[in-house]
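Keep the 3D view open as you read.

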Amino acid sequence: MGHVRDLPNSASEIPAAQKGEKWAKDYGVNTEKDFEPLYVVPSDKKKVVRELKAALKDADQLLLATDEDREGESISWHLMQLLAPKIPVKRLVFHEITKDAIAKALDQTRDLDMELVHAQETRRILDRLVGYTLSPLLWKKVAYGLSAGRVQSVAVRLLVQRERARRAFCSGNYWDLKANLDNGGSFEAKLTHVDGKRVAIGGDFDETTGQIKKGSQVRLLTEKEARELVEKVKTASWRVDEVEEKPITRKPVPPFTTSTLQQEANRKLRLSARETMRCAQGLYERGFITYMRTDSVHLSDQAITAARSCVELRYGKEYLSNSERQFTTKSRNAQEAHEAIRPAGASFKTPNETGLDGRDLALYELIWKRTVACQMAEARLTMLAVGLSVENARLRASGKRIDFPGFFRAYVEGNDDPDAALEGQEVLLPSLSVGDTPKLVDVEALGHQTQPPSRYSEASLVKMLEKEGIGRPSTYASIIGTIVDRGYASLQNNSLTPSFTAFAVTSLLEKHFPDLVDTGFTARMESSLDGISTGKVSWLPYLEQFFKGDKGLQSQVHQREGDIDPGVSRIVDLDGLPCVVRIGRYGAYLEAKKLGDDGQEELIKANLPREITPAELDSEKAEFFLKQKAEGPESLGEDPDTGEKIYLLFGQYGPYVQRGQVSDEVPKPKRASLPKGVKPEDVTLEDALGLLRLPRLLGDHPDGGRVKAGLGRFGPYISWERGKGEKPDYRSLKGDDDVLLVELTRALELLAMPKRGRGGRTALKDLGIPKGSQESIQIYDGPYGLYVKQGKVNASLPEGQTADQMTLQVAVELLEAKLASKKSSRKSTKSKRSSKTTSKTTSKTTSKTTSKTTKKAPTRATTKSGRLRASAVKIIKTGEV
């Protein structure tokens with residue numbers, strides 16, 4: 001259930017007694033009274049609290065068994081405050097959910113650790129003070145609705161710094177040679193030296209100049225020199241000068257923590273941190289894995305025994321490690337309240353025995369493999385290196401031989417298929433000795449271009465945050481989710497690309513509040529919080545210094561707010577552009593001055609499509625957008641059917657094609673967005689006409705009705721229009737399908753596939769369409785078990801019922817019962833509202849009668865919704881819409 005009390009999130013949650021207090025509205029923390037927090041029970045936790053209070057009445061003791069970390073200790077303390085028990089209370093802790101661990105915890109209870117409670121409370125107050133002090137400043141100086149956070153803003157800055165490096169990057173070119181040789185077996189060698197000097201490689205270039213770094217003693221081959229060398233070595237004799245074999249061993253990686261699970265699921269399964277945690281939560285709740293929020297790599301004795309049993313049964317005794325293997329957590333700020341993430345139970349179900357599918361199966365298999373692999377023997381390899389000489393050049397051939405695969409048989413980090421990974425890892429060389437003269441098969445000159453630093457993926461950002469000691473791994477998923485949700489970054493091809501807003505906000509914070517976005521400063525804050533949890537640092541003086549000190553947050557904001565010019569802070573500073581990029585109410589736009597026909601300077605503003613990122617905006621694109629705004633769009637050609645011109649335009653939501661111009665007669669000309677992945681510069685007149693003619697008829701369905709291809713809000717699709725009174729059946733087109741070229745045969749294939757439900761789930765079984773209905777009933781496997789679904793109505797299957805046993809008739813009864821319960825709950829809700837309205841009206845009438853002369857003073861709308869309504873009325877009245 002998590003925390004049962006928290007700081008208020010909105011004005012409506014503030015209790016009546018504190019409604020008028022400024023500190024309550026500003027922070028929910030009384031900064032003038034020893035930073036006393038105002039705790040409230042969130043509406044979604046009130047039921048839990050009521051149930052606990054009711055259960056406590058019949059209890060003879062209270063056991064507080066939350067995690068033994070800062071958050072867990074804090075939850076126990078809040079429960080004590082809320083429940084106010086008059087019976088004996090025991091605090092027990094266990095780090096693994098096994099019978100022995102819980103029995104031991106019951107025998108070794110302790111008191112609440114208030115130092116851990118203070119550490120959590122200090123962290124929560126810090127986060128609130130940073131967020132609620134800086135966010136309003138960003139609303140005034142950059143754009144409304146933005147947020148800042150102690151960890152969030154540092155993470156955004158990391159993304160921006162990497163993007164700046166990519167924009168500043170200058171590519172360098174270099175050449176080398178690759179030769180294929182034969183000595184009783186073929187092998188490959190690459191050029192390393194010419195005339196005794198090492199040949200330049202990518203790492204020798206300065207990223208900001210594209211030139212060789214100063215002081216590097218390397219030889220930069222030109223294309224001409226490389227091709228001349230190719231001709232030279234073709235007829236020369238080759239000789240083996242050096243052969244080296246070096247045995248190495250590889251140890252298995254530790255079992256998963258929250259952080260490493262997020263990283264590996266992102267690399268292997270392409271799941272976001274948020275998706276990984278959602279999927280893991282479902283596996284945990286259904287008893288497939290242990291608790292998924294942990295920083296510990298420790299395994300219980302039960303888990304080690306189960307893992308070793310799996311190894312012996314599946315791979316044989318020779319693949320077991322010599323002794324049981326335990327791991328030690330190296331991460332800073334680790335919270336080790338639970339053991340590592342592993343398959344649940346005293347024996348592990350193999351992935352095939354679980355009955356899982358899709359993402360659930362893939363994630364469980366990942367956890368199973370990693371846990372089993374950690375108890376397997378080390379992999380033994382031999383690294384091979386061969387040096388060759390020819391004319392004035394030296395080349396090197398490298399290889400790798402796997403002598404014993406060990407844990408590689410179960411798990412190879414970063415690879416999906418261990419068997420395929422084993423083949424990929426082994427690079428064998430033929431038998432070679434010093435003095436051998438292998439024959440040249442072919443040789444070629446290769447040109448290379450250095451690449452800019454890659455953007456952060458979710459996995460690499462999580463790794464960087466953990467490495468720098470910023471935040472807690474259990475919060476990374478929500479932090480990355482917030483960064484994307486708030487528009488600071490977008491996820492493209494598994495890379496986090498920062499937005500123009502991210503650049504503007506980061507520049508403002510770097511200039512005026514550098515400490516708050518400095519990784520070192522944030523990491524030191526984490527260390528101070530650790531100090532509070534161990535009693536080495538006093539929580540109150542720390543908060544006083546952080547917020548109210550001479551260089552405290554409150555002082556800095558008061559001193560600098562007046563110096564921050566909104567006009568300047570909304571400018572995104574990007575080099576090499578013929579204009580200025582600004583952040584406006586509706587997103588980023590370009591602004592440039594141009595001489596008009598009368599010789600006077602005109603200000604041109606052009607909106608940037610949302611999909612354009614700072615990385616993609618160069619001078620050519622900027623000039624194109626400004627020219628289109630100033631002179632109007634260029635025509636792609638004419639529609640042969642209507643004679644109207646076809647235009648390619650750029651709007652707030654991306655590029656689109658349009659037939660004709662906007663006029664009084666045609667206020668809304670026909671438009672069509674470009675499909676995802678289609679570049680505007682590649683669009684032809686034929687493509688544009690095809691998009692504008694969508695949806696297009698593909699043909700008749702064998703079971704009656706028509707099949708069409710179209711482009712909708714969620715991308716290209718196929719629809720089957722069955723006939724009057726029946727809803728169309730839709731399927732999304734796959735990545736390789738082209739909406740303009742797809743044919744009826746392919747469309748029928750897609751329509752025959754089971755429809756995916758929410759969360760990307762595939763129906764286990766289609767029970768058919770009941771008599772008198774228009775939609776079929778299907779069975780799905782969800783986080784809480786099997787359920788039937790028809791349209792928007794879901795109903796769980798009875799306990800013990802399987803998908804194979806379910807019939808159409810039983811499914812209809814379950815869905816009807818669910819609908820009936822929904823209707824009755826709506827009626828009871830309406831009657832409650834009705835009685836409330838009646839009592840309010842009665843009390844108002846009585847009040848008016850008894851005090852007619854008393855005139856009530858107008859009240860100001862303090863809630864967010866009230867302010868929004870007031871703003872809306874104002875906008876409508878002033879005609880700003």
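Start with helix H17 (residues 539-548) and helix H18 (residues 553-560), whose axes come within 4 Å and cross at roughly 10°. Keep in mind that this is a predicted model. An angle under 35 degrees counts as roughly parallel, so H17 and H18 are roughly parallel to each other. On the H17 side, the residues that meet the partner helix are Phe-546, Phe-547 and Lys-548, and on the H18 side they are Leu-553, Gln-554 and Ser-555. By type, the residues of this contact split into 3 nonpolar, 2 polar and 1 charged.

H17 also packs against helix H16 (residues 519-534), with the axes 10 Å apart and an angle of about 155°. Angles over 145 degrees count as roughly antiparallel, and H16 and H17 are therefore roughly antiparallel to each other. H16 brings Met-525, Ser-528 and Ile-532 to this contact, while H17 brings Trp-539, Tyr-542 and Phe-546.

| Helix pair | Axis distance | Angle |
|---|---|---|
| H17 and H18 | within 4 Å | roughly 10° |
| H16 and H17 | 10 Å | about 155° |

What does Thr-31 touch, leaving aside its neighbours within four places in sequence? Thr-31 is in contact with Leu-129, Phe-547 and Lys-548. Thr-31 itself lies in the loop between strand S1 (29-30) and strand S2 (36-37). Is Thr-31 buried or exposed? Its relative accessibility is 5%, and buried means under 20%, so Thr-31 counts as buried.

Now for the wider picture. The protein chain has 24 helices and 29 strands, and 43% of its 881 residues count as buried. Of the contacts with a separation of 6 or more, 64% are between residues 24 or more positions apart.

In soluble globular proteins, nonpolar side chains tend to be buried together. In this model, the largest nonpolar core has 77 residues, and Leu-134, Phe-500, Val-581 and Leu-617 have the most contacts inside it. Helix H5 (residues 114-141) supplies the largest share of this core, with 9 residues. Apart from this core lies another one, of 48 residues, including Leu-283, Ala-303, Ala-410 and Ala-477.

Not counting residues up to four places away in sequence, Val-581 touches Phe-500, Arg-570, Ile-571, Val-572, Leu-574, Ala-588, Tyr-589, Leu-590, Leu-608 and Leu-617. Two of these partners, Phe-500 and Leu-617, are named with Val-581 among the residues with the most contacts in the core.

Next, helix H11 (residues 358-373). At 1.5 Å a residue, its 16 residues should span 22 Å, and the end C-alpha atoms are 23 Å apart, which agrees. Buried residues of H11 include Leu-363, Leu-366, Ile-367 and Trp-368, and also Asp-360, Lys-369 and Arg-370.

Over to Leu-603, which lies in strand S17 (residues 601-607). With a relative accessibility of 48%, Leu-603 counts as partly exposed. Leaving aside neighbours within four places in sequence, Leu-603 is in contact with Glu-591, Ala-592 and Lys-593. The C-alpha atoms of Leu-603 and Ala-592 are separated by 5.8 Å, with the two residues 11 apart along the chain.

Most residues other than glycine have a negative phi, and most peptide bonds are trans. Arg-270 is not a glycine, yet has a positive phi of about 60°. Arg-270 is found in the loop between helix H8 (258-269) and helix H9 (273-285), and is exposed, with a relative accessible area of 53%. Asn-493 has a positive phi too, of about 50°. Asn-493 is in the loop between strand S12 (489-492) and strand S13 (495-498), and at 79% relative accessibility Asn-493 counts as exposed. A cis peptide bond joins Leu-694 and Pro-695, with omega about -5°. Look for Pro-695 in the loop between helix H21 (685-692) and strand S22 (696-700).

Technical notes:
Residues numbered from 1 in each chain as written. Predicted model: local features only at pLDDT ≥ 70, side-chain atom pairs only at ≥ 80, totals over all residues. Heavy atoms only, no water. Core = buried A, V, L, I, M, F, W, Y, C linked by side-chain atoms within 4.5 Å. Buried < 20%, exposed > 50% of the residue type's maximum accessible area, 1.4 Å probe, protein only. Helix = DSSP H or I, 4+ residues; strand = E, 2+ residues; numbered from the N terminus. Contact = heavy atoms within 4.5 Å. Axes fitted to C-alpha atoms, helices over the stretch in contact; angles between N-to-C directions. Parallel < 35°, antiparallel > 145°, perpendicular 65-115°, else oblique. Nonpolar A, V, L, I, M, F, W, Y, C, P; charged D, E, K, R; others polar. Expected span 1.5 Å × (residues − 1).
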